[in-house]
Structure formats: C-alpha cells, structure tokens
Amino acid sequence: MNAPLPETRAQGIGVALPRKEDDRFMRGRGGYVGNIRMVGMLDVAFVRSPVAHGRIRAIEKPEGSEGAVYTLADLEGVQPIVANSGLAGFKNSAQPVLAGDKVRQVGEMIAMCVAENRAAAEDIAAQVFVDFDELPAVVDMLAARRAGSALVHEEWGDNVFLETFIDADLDDIRSKAAIKVRRKLRTARQSMAPMEGRGVVAHWDHRLGQLIVYTSAQMPHINRTGIAGCLGLDEGQVRVVAPDVGGGFGYKGILLPEEVCVAWLAIKLGRPVRWLEDRREQLTANANCREHDYDITAYADSDGRLLAVDCEATVDSGAYSSYPFSACLEAAQVGSILPGPYKMEKYRCRTWSVATNKPPILPYRGVARTGVCYAIETVMDAIAVQAGLEPWEVRMRNLVLPQEMPYDNITRKHFDSGDYPECLRRAVQAIGLPALRERQRRGEADGRRIGVGLAIFCEQGAHGTSVYHGWGIPMVPGREPVTLRLTPDGVLEIRAGVHSHGQGMETTLAQIAHEVLGIAIDKVRVLLGDTGITPYSTGTWGSRSIVMAGSAVGVACKELKERLIKIGAHLLKDEPAMVTWQAGAVVSPKGWKRIADIARTWYLQPQLLPGDVDPRGLEVSTTYQARRDSGTFSYACHAVVVAVDTALGKVELLDYVVVEDGGVLINPMVVDGQVYGGAAQGIGTALYEEMRYSEDGQPLASTLADYILPGATEVPAIRIAHMETPAPYTEFGQKGIGESGAIGSPAAIANAVNDALRPLGVEINQLPITPRAIVEALAAVSAVSGNQGRNA
Amino acid sequence: MKAAAFDYARPASGDEAVALLAAGTGMAKALGGGQSLGPMMNLRLAQPDSLVDLRAIAELRGCRRDGTGGMETVLIGACTTHADIEDGRFDDPSRGFLPRVAAGIAYRAVRNRGTVGGSLAHADPAADWVNAMAVAGADILVQGPAGRRTVAAAGWLQGAFTPALAEDEIVLGVRLAQWSAAARWSYYKFNRKTGEFAEAIAAFVVDPARDLCRGLIGALDGPPHVIADARGLLAALQAGDPAAADAELVAAGLPPGSYEHHIHRAALQRAAAQLKGNA
C-alpha cells in the first residue's frame with residue numbers, strides 16, 4: 001500500500017519563498033574562494049604600474065629573490081587576452097597578461113611575486129625596480145578624440161576603438177520643431193564594489209591531468225575558454241570552479257589577466273597558488289565602469305511630442321578591450337538603446353569608444369542603459385519645461401502604447417509586451433504628485449527645497465544569438481543548456497551553467513521545478529558554477545538567467561515528467577493516458593507512485609520497468625531558446641522625492657517608488673531584492689560614487705574612505721509595486737529584471753534635484769551630484785544675479 | 001595588502017612605553033585602538049619596525065576627577081574608547097557635549113575600538129576629537145623621556161597629521177574643566193555620508209560661569225581655527241547675518257567664494273542656530 005501523498009505546499013512560480021541559500025549565507029557558512037585552504041599553497045602579489053603611461057626600460061628583480069619574481073619574459077607561450085569586435089572599423093588590440101614594453105594604466109601588472117604568504121610576496125614586490133620612460137597620459141575621453149592627443153595604442157593613429165553612426169536627415173525636423181533642447185551630460189567613472197573582490201586559487205591535478213581554477217566568477221565556462229586559450233591548453237585540461245560568489249554585477253564576467261597569471265604559475269610550480277584581490281587593487285586597477293559623455297539634442301512639437309533625438313555619445317573605454325565583451329560594449333549599446341521607451345520620427349546617433357590611460361571599462365549592472373536613461377530622461381524633463389507640461393505628461397505623450405505591443409522601435413528593438421503608460425501613471429500616483437507640488441509651493445520650515453523626479457525605461461534582457469552575433473565578440477549566447485538527474489531516493493539535481501551571486505537561483509530554479517513536477521524544493525539541489533559538473537553556458541549576465549536557465553529547467557522538467565509518467569503508469573498497471581500527475585506523483589484510480597518510488601525502480605529494481613522504457617532514463621539534458629531571441633523587455637518607472645539643502649549641497653531622498661513589470665515573477669521577494677540592491681547602486685551613481693583621475697592619470701581614490709558608496713543610512717525604504725505582463729516568448733512569461741534597479745535611479749534622482757533647483761536657475765548636468773557641484777552651481781548663479789536670493 | 005613585518009610590545013607603564021618608543025629611534029609607533037594606524041599599516045603607508053601597544057597601561061584607562069589650580073577637572077585616560085564616551089561610561093564634565101561628539105564618530109565598530117588618545121595622536125584635521133577638544137578648551141597630557149607636560153588642545157595640531165607630540169612621547173589623557181550647569185554647547189558636522197570624515201565642523205561652547213564663549217571652525221586642511229571670544233560672531237549669526245562670519249572664515253584659510261567657505265559658513269550658521277535652540 002502506498003503511503004499517503006504529501007500535502008502540496010505552494011512553492012511554485014509566484015511564491016515569495018525564503019531563499020534556500022540563505023541558511024548558509026545568514027550563518028556565515030558560505031564557501032568563497034578566500035575560504036579555500038590547500039596544503040602547500042603559495043600567495044601571489046603583483047607589482048603594478050605607478051604610472052599611467054610609460055615605456056618600460058628595465059625590470060630588475062631583487063637580489064636573492066629572482067626565482068620568486070616573474071615577468072612577461074618568463075611567461076613563455078602565454079597568449080595575451082584578445083577581445084576584438086567584428087563591427088566594422090573596430091581597432092584590434094591585445095592585453096598582455098603582464099606588461100610588455102609599455103604600461104597603459106596605473107595598476108597594470110608588471111611582475112608577479114610569489115611567497116609563502118601574501119605579506120612576504122608584497123615584501124618582494126616592493127623591491128622590484130622598474131625603470132620607466134614616462135609618456136604623456138591620455139586622461140579625458142574628449143581630449144583623447146582630438147588630433148594631436150598622445151596615443152594609447154600608437155599603431156592605431158588615434159584613440160578610438162570604434163566609432164558607430166546611425167544617420168538620419170534632420171533638416172525637416174529642425175525646421176518644424178517648436179521645441180529644441182540640448183544638454184551636455186557627463187557620468188563619472190565608477191568602480192564596482194562587490195563585497196567579495198576577485199580571487200583565484202589554482203592548482204594542477206595530476207590524477208585528472210587538469211588545471212583546477214577556483215575563481216570568483218559569474219561566467220565560469222567563459223573563464224575556462226579564456227584561460228585555456230591564453231595558456232594553450234585543451235579546454236578538457238581546465239576545470240573552473242566558481243564557488244559562492246559575493247556579488248558580481250558584471251565585474252566577475254571578465255577574464256582577468258590575474259587569473260591567467262596565477263593559473264600559469266600553478267602549473268609552473270606544481271603547487272597551489274592563490275591571489276586574492278584587495279579593495280585597493282579593485283578600486284585603482286580593475287573594477288572600473290560607467291564613464292559616459294553625451295551631447296544630446298531633442299526636438300519636439302509644441303505639445304511636447306518627440307520628433308527626433310540627435311546625439312553624440314562618447315564612452316571612456318580605458319586602455320584595453322576586456323574579454324569577452326570588448327571595449328565597445330557600452331558605446332555600441334548606447335547607439336541602439338538611447339531612444340528608450342519612446343516613439344519618435346527620426347533618430348541620429350554617433351558614438352565613440354575611446355581608449356584612455358585608465359583601467360578598461362567593464363560591464364556594470366545596467367550596462368550602458370544607466371547612462372542612456374539619464375541622458376534621455378534629462379532631455380524629456382527639459383522638453384516638459386519648454387512645453388509647460390508636467391514631466392509625466394510629456395512622457396505620457398511619447399511612450400509606446402499597450403495596444404501597439406509588440407512594437408519595433410526606431411532602432412528596431414522589439415518591445416515584447418507591457419503597458420508603459422500605466423506603469424508611469426501608477427508611479428506618479430504612488431508618489432503623490434499633487435501634494436508634492438503643493439508642498440513645494442508652501443516651502444519647507446528648514447529651508448530645504450523639495451524636488452520630485454521621474455525616470456521610465458525598458459530593459460532588454462536575455463537577448464540572444466540574433467542580437468549578439470553581429471557584434472563579432474568572442475562570445476555569442478545561444479541555446480541555454482540544463483541537465484536534470486534524479487537520485488535513487490527521488491532528489492532532483494539541476495545542473496545549470498549560469499551562476500548565482502545574489503540572484504537566488506538555487507531557490508528560483510527549484511521553484512520552477514516544483515511548478516512542473518510538484519517536487520518539494522528541499523528535494524531539489526541546484527548545482528551551479530563548476531564547469532566540471534555543469535553544461536557549457538555563457539553564464540549569468542544581461543539579466544538572462546531566470547529567462548534562459550529558468551525556462552530550460554521548465555522544459556527539461558516537462559520532459560522528465562513524461563518519462564516518469566510512463567514508468568509510473570506501468571508500475572500502477574495503467575496506461576499513461578489514464579494517469580494524472582499530482583503533487584509529485586503519478587496518480588491513477590489504483591493508487592499512486594511518487595518520484596522517489598519511480599527513481600528507486602529505475603536505479604535499483606529495473607526488473608519492474610516496462611520493456612519499452614525510455615533508455616535515456618531519469619537524466620534529461622536539453623537546451624532552451626526563447627521563441628524569439630530578441631530579448632525580454634521588462635520596464636519600470638522610478639519616482640523620487642528629494643530635499644536639497646542648498647547651503648551645504650546635500651541631497652536627502654525622502655521617498656522612493658518603483659513600479660516594475662518583470663513579466664511573470666518567479667519569486668517576488670527575490671525580484672524585490674534585485675530592485676532594492678540595484679537602486680542602492682543607482683543611488684551611488686547619482687550622488688556618491690566617483691573615481692576621479694589626476695591630469696597624469698593617477699586614480700584619486702584608493703580606499704572606501706575616498707570612494708564613497710551609499711550605506712544603509714543613504715538608502716531610503718523603497719516602495720515597490722509590481723505589474724505582471726507576461727512575456728510572450730518565454731516559457732513561463734518571465735522577463736529579466738536583474739539590472740533594472742540600477743538603471744532608473746540616477747535619472748530619477750537627477751531630475752528630482754533639478755526640479756528642486758530649477759526655480760533658482762540651476763540645473764546640474766553631471767553625475768554624481770555632489771555637494772560641491774550643487775554649491776558651486778548655486779554660487780555661480782548668485783554671483784551672476786548679484787546675490788539676490790538667500791540660499792539657506 | 002598585508003602589513004609589513006613588525007615587532008610588538010605591550011608595556012605595563014608609561015615609562016616603559018616611552019623607553020620602547022625612544023629605543024625605536026623613530027621606527028616605533030604607539031598603538032591605541034588601531035583604527036587609523038591599522039589600515040595605514042595594511043596599505044603599507046606606515047611601516048613601523050615595532051608597535052608599542054598602550055592598552056595595558058592602567059593609568060591610560062578609565063577616567064578620574066581631580067583638581068588643578070582650584071578648579072574641578074576630569075582626566076579622561078587616553079585609552080578610553082569613543083564608545084565608552086558615547087555610552088556615558090565615564091564621568092562627563094561637559095554636560096553631554098563629549099558623548100554627542102563621540103556618537104558621531106565613524107561607525108559603531110570603529111567606536112568600539114578607537115580611542116581618544118589614538119585619535120588625537122593621529123591628528124587628522126577632519127577627525128572629531130582634535131576639533132571637539134580644541135573648542136572645549138581641554139588640555140592634553142603627554143609623557144616623554146623628559147617627563148610630563150601639558151599641551152592646550154587648541155594648539156595641539158601643528159599641521160595635518162602633525163600633533164605636538166614627539167616620536168618618543170605618548171598621550172596620557174585629556175583634562176577638561178567641569179562645565180557649569182549654565183553651560184551650553186553646539187557641534188555641527190557636515191559629511192558626505194554617515195560615518196565619513198567631516199568636510200566641515202563648527203562648534204560653540206558657552207559657559208557664563210567661566211566667562212567663556214568659544215567658537216571653532218574645523219575640518220580644515222590644517223589646524224582648527226579657534227575663536228577664543230566668539231560673543232560677537234555668535235550674536236551676529238543668531239541675528240541672521242551670515243556675512244559676519246566671513247572674517248573668521250578667511251582667517252581660517254577659506255577663501256571667499258570657495259566651496260569650502262560656503263560649507264563652513266553654513267556649518268557655523270547652524271551651530272549658532274543650534275545654540276539658540278538650546279538657550
């Protein structure tokens with residue numbers, strides 16, 4: 001007799017389940033690269049360039065420690081990191097894993113020093129003498145574009161990795177446009193700040209004939225391809241394991257020269273070798289991102305309807321083209337996504353990806369969209385002012401409408417579904433606009449000025465082959481693989497090539513399995529991050545994992561269910577057509593067989609199986625592609641209320657609303673977490689984070705005392721409301737929303753600050769909006785106007 | 001990064017500590033809570049040959065009431081932590097001023113370890129104690145090979161990160177007079193975010209019983225600017241005349257029209273307004 005069927009608990013799609021992984025994380029039991037200890041393990045410290053641009057005349061190894069110091073000359077046969085794009089006009093370059101005859105950024109690695117521990121390795125590194133011929137540094141991206149600039153890569157003849165141009169004839173628009181607004185905007189160079197830095201432990205396993213590389217990475221299969229390529233190994237000789245990863249945000253989607261160097265050294269020495277990035281290396285040498293410059297003009301009719309956008313956008317790509325996304329990831333995307341969620345007649349955009357003597361610019365949550373949203377939403381507010389409209393009104397007149405979905409926009413982005421105007425309406429209502437306008441009229445008792453700002457945008461996520469192949473970068477995403485396997489006692493193992501570094505994938509993939517199979521999520525083990533046990537995938541980036549891997553899990557679970565039904569029906573002596581699937585069991589009028597019963601039969605009692613049983617058994621490997629791979633388009637509207645202290649230039653966020661449509665939500669709590677975290681990073685972009693450089697290319701922040709991140713006291717309680725418009729092309733209607741929070745916040749906050757300052761005749765057009773920027777802008781205006789008003 | 005190798009000593013007396021520092025001939029550093037020296041050593045910005053940990057010296061711990069020159073005073077030991085002061089685990093002569101200042105220093109984790117003496121010896125012009133003790137009119141007690149001496153806190157900083165403290169001297173503690181029941185104070189700190197070092201500090205201490213009205217402009221590039229008699233400035237600011245501060249701001253090295261001038265002026269105005277609210 002069968003045991004009674006377990007009660008079905010709601011654990012499937014749409015349930016805000018606590019995360020499976022939090023048990024270990026909340027107890028401090030996560031396992032990170034820095035936790036790995038191996039017998040005989042050595043530590044590496046790198047000698048890094050103190051100059052931004054220079055020729056290396058000589059490197060002198062310290063006497064007595066020559067054998068502990070390696071330079072490029074020692075790394076025989078190691079190939080440089082190459083990430084060229086196939087886009088027309090892209091200038092090729094190579095990033096040597098240790099500097100050759102030239103350094104092109106402060107922090108570029110010149111030599112690798114190895115010792116029993118990190119302190120001893122640093123002692124050796126401090127004694128390595130490097131003789132430089134310093135060259136003029138290329139620091140500002142606009143200056144770098146001018147003729148006569150010093151050259152980062154002399155062989156190019158200029159400093160432009162890539163120039164793109166989408167042309168349009170705007171003559172008629174210029175003549176008929178009642179409104180023309182132009183803004184020059186700048187976003188700061190930032191440094192990503194995951195709590196865990198990068199880190200590598202590598203060793204050669206003689207039994208397996210394999211290099212094992214533990215690395216803090218979000219795309220371990222891509223790291224494996226890159227490491228094998230640089231070292232001239234077969235990919236089978238390389239296994240990359242990314243254990244728990246303490247935040248990625250894009251920074252851990254990059255092959256670092258450090259990984260190649262440490263892997264090489266582990267083979268060379270036949271001992272485990274470790275390098276753990278410290279915050280100083282991360283800030284000054286590695287995790288750079290975001291630096292954009294816009295000269296954007298928008299044309300509209302007198303009612304605020306957009307006619308055209310004309311933009312010149314420059315991205316400071318830094319010294320090298322990083323693997324695998326290349327140096328044009330940001331600027332090329334700017335060209336294609338600048339129109340945002342709006343309709344317009346004409347669009348013209350020229351972009352430059354510019355080389356400078358700074359660290360390579362890397363993808364950071366939001367990739368290009370954050371700067372683009374800031375640019376387009378700034379000009380939308382400017383149009384509103386000219387048209388005498390509320391900012392929401394001018395947006396409402398230009399948004400793509402729900403009845404137009406799916407909609408191919410002016411750059412042929414295929415907006416899949418949604419109700420953008422409703423999202424805007426809800427945000428404006430939730431923030432309470434009329435009361436805020438009244439409050440602004442009344443003024444504040446403490447003299448601060450209130451401002452309200454909006455940003456609405458859509459986020460392309462999980463875009464696939466058709467979008468990326470044209471870029472010609474080393475990695476084009478294809479069908480997403482997943483492997484399922486049942487254990488004899490009915491535990492479902494999910495093996496996926498994506499990774500989880502804050503996204504809660506161990507929970508959400510299990511929820512999808514539960515949705516299809518009814519299996520309790522504590523009977524689901526999600527295995528990620530290890531190239532030895534997971535199928536090849538481009539990994540986790542581009543808000544793709546819940547769409548691609550999540551759908552793949554669903555498809556695979558459905559296939560597994562068919563096989564289970566067939567065996568279960570046989571065990572129940574019934575026809576597959578006569579049974580149903582309920583609560584993780586095959587059920588017929590004669591009884592039921594649970595997943596564990598069927599699994600035990602397959603592995604241990606095969607004599608009971610049907611003669612025509614599916615020979616592939618209880619292991620399913622499949623791949624998934626969306627019915628259309630042009631990407632999901634989640635969208636959101638951020639509405640922010642600020643109070644600006646005009647005497648000190650300090651901005652406080654008084655209220656923050658996000659109305660978000662991520663399609664069908666797999667786990668709403670996880671989605672909320674993604675939005676909170678992203679918005680916190682966006683607050684950093686808007687108000688705090690700034691990696692400034694001196695004229696000779698020295699980074700001016702080297703610790704988190706100088707590079708200011710928002711903390712708990714700077715992030716308000718964000719109010720999130722969800723819409724759930726199913727995605728038409730994905731397995732469960734889900735959309736990618738991983739980056740959303742970081743996209744809208746800088747634009748919304750900047751618009752709010754400028755709303756507060758507009759009556760004083762001031763508009764800030766750079767990020768972050770620092771106290772200094774506000775105070776100096778107000779001082780400049782009051783100097784011009786003869787100090788007519790009191791600021792405080 | 002990791003600190004370069006160093007020796008470590010944990011003397012039991014001030015004499016022993018001073019002898020160890022003197023023997024280090026400039027390459028020994030005194031250690032308080034380690035909240036500044038620790039990071040500097042880890043970044044290898046400081047590479048002392050040896051650390052002389054002062055925290056086992058009984059005299060440097062705790063706080064006691066004494067009297068000098070007929071005035072009731074309180075001596076706060078150098079190894080008293082910011083958290084001790086924040087939480088009131090000392091005999092407060094300042095009518096709540098020192099606990100308020102302490103509560104605004106960095107983060108609780110730093111306050112749990114960081115010490116008053118350590119902060120003074122580090123002498124960061126943007127730190128709280130160098131400014132608060134200056135406006136409070138405190139004296140800093142120092143011991144060196146030649147014996148003990150007292151330095152007025154208002155003159156403690158010779159420049160940024162340069163205290164009136166020789167390499168072979170240690171801070172024993174800080175002595176403050178007991179403030180009267182009529183004493184009032186204000187302290188306004190402007191920083192980019194909670195816990196960061198200040199961009200501007202302004203403070204006033206008024207004690208009619210001691211005929212005292214002192215003001216301070218702090219978090220400057222160099223020593224804080226103490227206004228020994230701030231009566232006129234305070235009255236003008238409270239009467240709504242911010243330009244009255246300009247002369248002192250210029251004297252503090254803040255050129256008119258600069259961002260720094262603006263924010264220090266705003267901080268002074270607010271410190272003055274706080275005091276009015278306290279009246």
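In chain A, helix H17 (residues 668-688) and helix H18 (residues 740-757) pack with their axes 7 Å apart and at an angle of about 40 degrees, which makes H17(A) oblique to H18(A). The model is predicted, so that local features need pLDDT of at least 70 and side-chain atom pairs pLDDT 80 or more, whereas totals for chains, interfaces and linings use all residues. Residues are numbered from 1 along each chain as its sequence is written, chains are lettered from A and ligands numbered from 1 in the order in which they are written, and side-chain values use heavy atoms, with hydrogens and water left out.

The crossing of H17(A) and H18(A) is right-handed. On the H17(A) side the contact (heavy atoms within 4.5 Å) involves residues including Val675(A), Gly678(A) and Ile683(A), and on the H18(A) side residues including Gly741(A), Pro746(A) and Ile749(A). The residues of this contact between H17(A) and H18(A) divide into eight nonpolar, five polar and no charged.

In chain B, Phe204(B) lies in strand E12 (residues 200-207), and because its relative accessibility is 0%, Phe204(B) counts as buried (under 20% relative accessible area, with a 1.4 Å probe and protein chains only). Phe204(B) is 109 residues from Arg95(B) in sequence and 14 Å from it in space, C-alpha to C-alpha.

Between the chains, the contact takes 27 residues from chain A and 19 residues from chain B. The buried area (accessible area lost on being put together, 1.4 Å probe, summed over both parts) is about 2100 Å² between chain B and chain A, with carbon and sulfur atoms giving 57%. Of the area that chain B buries against chain A, Arg192(B), Lys193(B) and Tyr259(B) supply 32%, more than any other three residues.

Conventions:
Axes fitted to C-alpha atoms, helices over the stretch in contact; angles between N-to-C directions. Helix = DSSP H or I, 4+ residues; strand = E, 2+ residues; numbered from the N terminus. Parallel < 35°, antiparallel > 145°, perpendicular 65-115°, else oblique. Left-handed = near helix turned anticlockwise from the far one by under 90°. Nonpolar A, V, L, I, M, F, W, Y, C, P; charged D, E, K, R; others polar. Buried < 20%, exposed > 50% of the residue type's maximum accessible area, 1.4 Å probe, protein only. Buried area = accessible area lost by both parts, 1.4 Å probe.
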